[in-house]
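I open this notebook to record what I looked up in the structure shown below. My entries follow in order.

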Amino acid sequence: MVSNVTIVLLVLTALLIIGVIVLYFVGKRLQKKQEEQQAQIAAASQSVSMLIIDKKRMRMKDSGLPASVLAQTPKLMRRSKVPIVKAKVGPKMMIFICDSEIFETIPVKKEVKASISGLYLTSVRGLHGTTAKPVPVKKGLRAKLKQKYTELSAKMEK
């Protein structure tokens, strides 16, 4: 006779295995889709010189982006904060959505050479000198303890 506890554990194990398999294939599909989008962004990018006026992390609906851009974004994305850069390109003021990886390196009130794809800012190079390096953030107690733990576990494996 099989007890009720083992039946419940077997069912939970089967559900977890099925969940992991589903997440694996969904993740693989999303990764493929992201690679295609990155290729499209790289193909459509152009180099422009601009004066960075301001940069902030703000909600898309509060950022001042065109209504057509807001209509195309999913509802959850409208409420999340995204890196927004206001810049003067030629005689025109424009608002760009910035890549989160380069957001901290963008200098404010400086002229830069930027690579853009539509309203998406993908890379920035300093026009007069170099761009500012991001200031390293102070580590908290938890981060320090985690780093020590990983170092000690690496030593133990050796």
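Which residues gather in a patch of positive charge on the surface? I found Arg-59, Lys-61, Lys-75, Arg-79 and Lys-81 there. Lys and Arg count as positive, and such a patch takes residues with over 30% relative accessible area and no salt bridge, with like charges joined within 9 Å.

I note that this is a predicted model, where local features need pLDDT of at least 70, side-chain atom pairs count only at pLDDT 80 or more, and totals for chains, interfaces and linings use all residues. Residues are numbered from 1 along each chain as its sequence is written, and side-chain values use heavy atoms, without hydrogens and water.

I located Lys-61 in the loop between strand 1 (46–59) and helix 2 (67–72); helices (H or I, at least four residues) and strands (E, at least two) are DSSP runs. Lys-61 counts as exposed at 52% relative accessibility (buried is under 20%, exposed over 50%, partly exposed in between, with a 1.4 Å probe).

Lys-56 pairs with Asp-54, their closest N and O atoms being 3.9 Å apart. Lys-56 is partly exposed at 43%, and Asp-54 is partly exposed at 25%.

I turned next to helix 4 (residues 141–157), which has 17 residues. The number of its residues that are buried is 0, so helix 4 lies largely in the open.

How values were computed: Expected span 1.5 Å × (residues − 1). Salt bridge = Lys/Arg side-chain N within 4 Å of Asp/Glu carboxyl O. Patch = residues over 30% accessible without salt bridge, like charges linked within 9 Å, V, L, I, M, F, W, Y side chains within 5 Å. Areas by Shrake-Rupley, 256 points an atom, 1.4 Å probe, with all protein chains shown as cover. Charge placed at Lys NZ, Arg CZ, Asp CG, Glu CD.
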